[in-house]
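Okay, everyone, thanks for coming along. Let me put the structure up, and then we'll walk through a few spots together.

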Amino acid sequence: MENSTSEIYYKSYLALDQILNAQHPESDKAGNPADDEMLFIIIHQTYELWFKNILHELKIVHRIFTNQQISDNAPDMQVAVHRLKRIATILQVLVHQIDILETMTPLDFLDFRDLLRPASGFQSYQFKMIEAMMGLKFAQRHEQNYYVSHLHAEELKEVKDIETEKTLLELVNSWLERMPFFEEDRFWINFSSYKPENSEYHVFWSNYRRLYDASLSEAEKKNLEGFDMLLLNKNFPEGRSLNAKANRSALFIMLYRDYPLMQLPYQLINTLLDLDELMAMWRHRHINMVQRMIGSRIGTGGSSGKDYLQGAMNKHYIFKEFAELTSFLIERRKLPDLSQELRQAMGYSFGK
């Protein structure tokens, strides 16, 4: 029998006819070709292709974290961490692409810049979808009105639809809430000789608070108020993404990350912080490039240029609540000793 499927060919598989003929410089149309406009177009098209891949990876991670139970020693957690690390690597590439774009000088850019109005990189709806999927809420966005004013209706709908779904940060909060160890008495019966009387908190956190307090200098004593608020739920502030229970689980993971069961959860939290840092680096490089290219002039889309970008960079940290928990770490050698039962459970050893 003949094979009914046609052979795959490189050019058709990658749709190179469409891709390689998708660059249409405005300066060519105006009859005054600007040599660097081709580079400008290809760089931004490449950004959008990478954004598409980031969205693809985020959807896979979302699908994993929508499960009611995620085993830390099963493939799902490994896949989630792997996909997030891939996103981090892509973001590193996005930062380095600015090196290529900066081979274009300010005068080279001015040869075609005015022909781009009112187009702007701010109209990248895919990047807004990435931010929304990760956990950036509309209420947290810098200059909200400007954010919604430059998108076409169909693009704005896609972003708004994403904003109605559970964010990655919300899903991670729910996952952290489900940490089982603190709900099982067998792990804590022989935990410590120090058992504070009449404490309303779990014995581990009562003990840990005492050790943390002892580790603080006089100038740092105010940190204890933050510990009580974010971890022990005393006057917990509104508007935070991680609740007190999730904060406790995340801090426990950071403290005992050397145990095998804690390694992948720790890598996940650490990679989320990497994503925040890399997105901030990308914005920072963009700010410097804009200042170098156009100085104090406004952006082609009507924004305040570098000032807008600076405001967005300062405000759009999505996973900063994990970074804040590092204020409550103590030295490894001072960590409370865990029971043998708990050490075995966190070492993938469940035998008696």
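Let's start with Tyr-259, which is partly exposed because its relative accessible area is 24%. Tyr-256, at 5%, is buried.

Quick word on where this comes from: it's a predicted model, where local features need pLDDT of at least 70, side-chain atom pairs count only at pLDDT 80 or more, and totals for chains, interfaces and linings use all residues. Residues are numbered from 1 along each chain as its sequence is written, and side-chain values use heavy atoms, with hydrogens and water left out.

Now, rings. A pair of aromatic rings is described by the distance of the centres and the angle of the planes. Here, rings of Phe, Tyr and Trp (its six-membered ring) pair if their centres lie within 6.5 Å; planes under 30 degrees apart count as stacked, over 60 as edge-to-face, and the rest as tilted. How many aromatic pairs does that rule give? The count comes to 26.

One of them is Phe-51 with Trp-282, and that one is edge-to-face, with 6.3 Å centre to centre and 85 degrees between the planes. This pair links distant parts of the chain: Phe-51 sits in helix H4 (residues 37–65) and Trp-282 in helix H14, 231 residues apart. Helices, by the way, are DSSP runs of H or I with at least four residues, strands are runs of E with at least two, and both are numbered from the N terminus. Phe-51 counts as buried at 3% relative accessibility, and Trp-282 is buried too, at 13%.

Back to our two tyrosines: Tyr-256 and Tyr-259 form a tilted pair, 6.3 Å centre to centre with 50 degrees between the planes. Ring pairs also link them into a cluster whose members include Phe-182, Trp-188, Phe-252 and Phe-328.

On to helix packing. Two packed helices are described by the angle between their axes and the distance between the axes. The axes are lines fitted to C-alpha atoms, for helices over the stretch in contact, and angles run from 0 to 180 degrees between N-to-C directions.

H4 and H10 pack at about 30 degrees, with their axes 10 Å apart. So they are roughly parallel to each other, since angles under 35 degrees count as roughly parallel, over 145 as roughly antiparallel, 65 to 115 as roughly perpendicular and the rest as oblique. Who makes the contact, meaning heavy atoms within 4.5 Å? From H4 it's Leu-58, Val-61, His-62 and Phe-65, and from H10 it's Leu-168, Leu-171, Val-172 and Trp-175.

His-62 turns up again at Thr-167, which touches it along with Ala-132, Met-133, Met-134, Gly-135 and Lys-137, not counting residues up to four places away in sequence. Thr-167 lies in the loop between helix H9 (153–163) and helix H10 (168–177), and counts as buried because its relative accessibility is 3%.

Last stop, backbone angles. Most residues other than glycine have a negative phi. Asn-233, though, has a positive phi, near 65 degrees, and Asn-235 has one near 55 degrees. Buried or exposed, then, for Asn-235? At 72% relative accessibility, Asn-235 counts as exposed, whereas Asn-233, at 48%, counts as partly exposed.

Conventions. Buried means under 20% relative accessible area, exposed over 50%, partly exposed in between (1.4 Å probe, protein chains only). Contact means heavy atoms within 4.5 Å.
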